[in-house]
Amino acid sequence: MGPRILVTGALGQIGTELVVALEAKHGRGSVIPTDVREAPNCRILDVMDAEGIISMVNDESVTDIYHLAALLSATGERNPELCWKINVEGLENIIAAAKANNCRIFAPSSIAVFGPDCPSIAPQVTPLNPSTVYGKTKVVCEQLVMTSEVDIRGLRYPGLISYKAPAGGGTTDYAVEIFHAALSDGHYTCFVREDTRLPMMYMDDAIRATLELMEVPTEKLGGARGGYNIAGCSFTVGELVASIERHLPEFTCTYEPDVRQKYADSWPNDIDDDVARMEWGWNPEFDLDGMVDAMFAGLQA
Ligand SMILES: NC(=O)c1ccc[n+]([C@@H]2O[C@H](COP(=O)([O-])OP(=O)(O)OC[C@H]3O[C@@H](n4cnc5c(N)ncnc54)[C@H](O)[C@@H]3O)[C@@H](O)[C@H]2O)c1
């Protein structure tokens with residue numbers, strides 16, 4: 001018997017691509033995509049419905065849960081109580097169901113766990129004092145991962161860049177929106193300053209990191225298991241614009257920072273991912289120009 005894989009939040013930016021990758025690896029019938037929203041080939045599952053999760057895990061003999069349902073930073077700061085409920089209580093419900101059925105869990109964390117006191121290149125181990133509610137929920141989730149008796153692993157994803165699904169209400173959404181605006185209007189009005197530098201990653205690298213982490217034998221994983229730092233490429237908006245101009249020389253970008261500038265300013269510029277590299281061989285493939293080329297190839301196909 002192969003794995004039976006439940007994916008929560010499967011219709012989101014990551015789920016859209018992770019489900020396809022999991023089906024390619026384990027077979028289509030092995031994956032059960034779920035979301036609170038309705039869509040073809042996706043079952044309804046609200047992660048606030050503790051009983052519903054337990055029933056589905058039992059009925060489907062689930063062995064692995066990729067728990068992607070969450071509210072992201074920008075949406076979360078507008079609905080802090082809901083953000084806490086979905087992110088923290090949602091994970092608690094998933095852990096309870098996994099415990100009763102001996103499932104493994106992948107539970108992503110975020111660079112939002114870091115706060116203004118973090119060095120500009122974020123080390124794996126550093127005080128975690130985020131200024132956003134979203135970041136606080138991710139710190140608590142990492143602690144839940146480390147204190148539960150279930151086999152749970154997490155990655156601190158940087159801002160993820162992809163073309164197959166829209167970005168889901170995070171502060172780094174500008175790095176996705178800019179491509180769509182460049183192709184449709186030749187212009188983008190960016191909600192953070194030109195000199196804003198944040199850690200980012202092309203989705204293919206993020207999906208590969210996820211699959212690779214879940215392959216690692218439990219005994220090889222150390223104290224970073226709750227959220228491994230993984231770096232992709234780090235760049236300012238100005239550098240992103242320059243790379244886009246290689247494809248669209250007439251492209252223009254203006255800057256109108258909003259409240260998301262504050263969240264961006266509270267996060268590190270780059271990530272030190274030595275622990276992930278040493279413990280399970282993490283190595284990103286996409287640099288800034290490689291990511292931009294892949295985005296244009298995907299969007300123009
Ligand atoms: N995308 C990024 O750049 C990024 C960066 C860091 C961390 N992450 C983390 O990765 C995970 C997935 O992120 P994403 O970008 O795919 O998010 P997304 O917002 O694109 O998707 C989240 C999905 O969860 C679903 N959802 C919301 N509430 C739900 C509920 N109560 N029950 C079930 N489903 C619900 C939504 O309908 C949506 O389809 C999250 O934990 C997020 O914090 C993402």
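Reply: Gladly! Two residues are in contact if their C-beta atoms, placed from the backbone, lie within 7 Å. This is a predicted model, where local features need pLDDT of at least 70, side-chain atom pairs count only at pLDDT 80 or more, and totals for chains, interfaces and linings use all residues. Residues are numbered from 1 along each chain as its sequence is written.

Me: Which residues is Val7 in contact with, leaving aside its neighbours within four places in sequence?

Reply: Val7 is in contact with Gly15, Leu18, Val19, Val31, Ile32, Pro33, Thr34, Tyr66 and Leu68.

Me: What makes a nonpolar core?

Reply: A nonpolar core is a set of buried Ala, Val, Leu, Ile, Met, Phe, Trp, Tyr and Cys residues joined through C-beta atoms within 7 Å. Buried means that 20 or more other C-beta atoms lie within 10 Å of a residue's own. The largest such core here has 91 residues, and Val7 and Ile94 are among those with the most contacts inside it. Helix α4 gives the largest share of this core, 7 residues.

Me: How do you know where the domains are?

Reply: Their bounds come from an automatic or database domain assignment. That assignment gives domain 1 (5-157 + 202-215) and domain 2 (160-199 + 232-300). Taken over C-alpha atoms, their centres are separated by 22 Å.

Me: How many residues does the contact take from each domain?

Reply: The contact takes 32 residues from domain 1 and 30 residues from domain 2. On the side of domain 1 that touches domain 2, α7 gives the most, with 7 residues.

Notes: Buried ≥ 20, exposed ≤ 12 C-beta atoms within 10 Å, placed from the backbone. Helix = DSSP H or I, 4+ residues; strand = E, 2+ residues; numbered from the N terminus.
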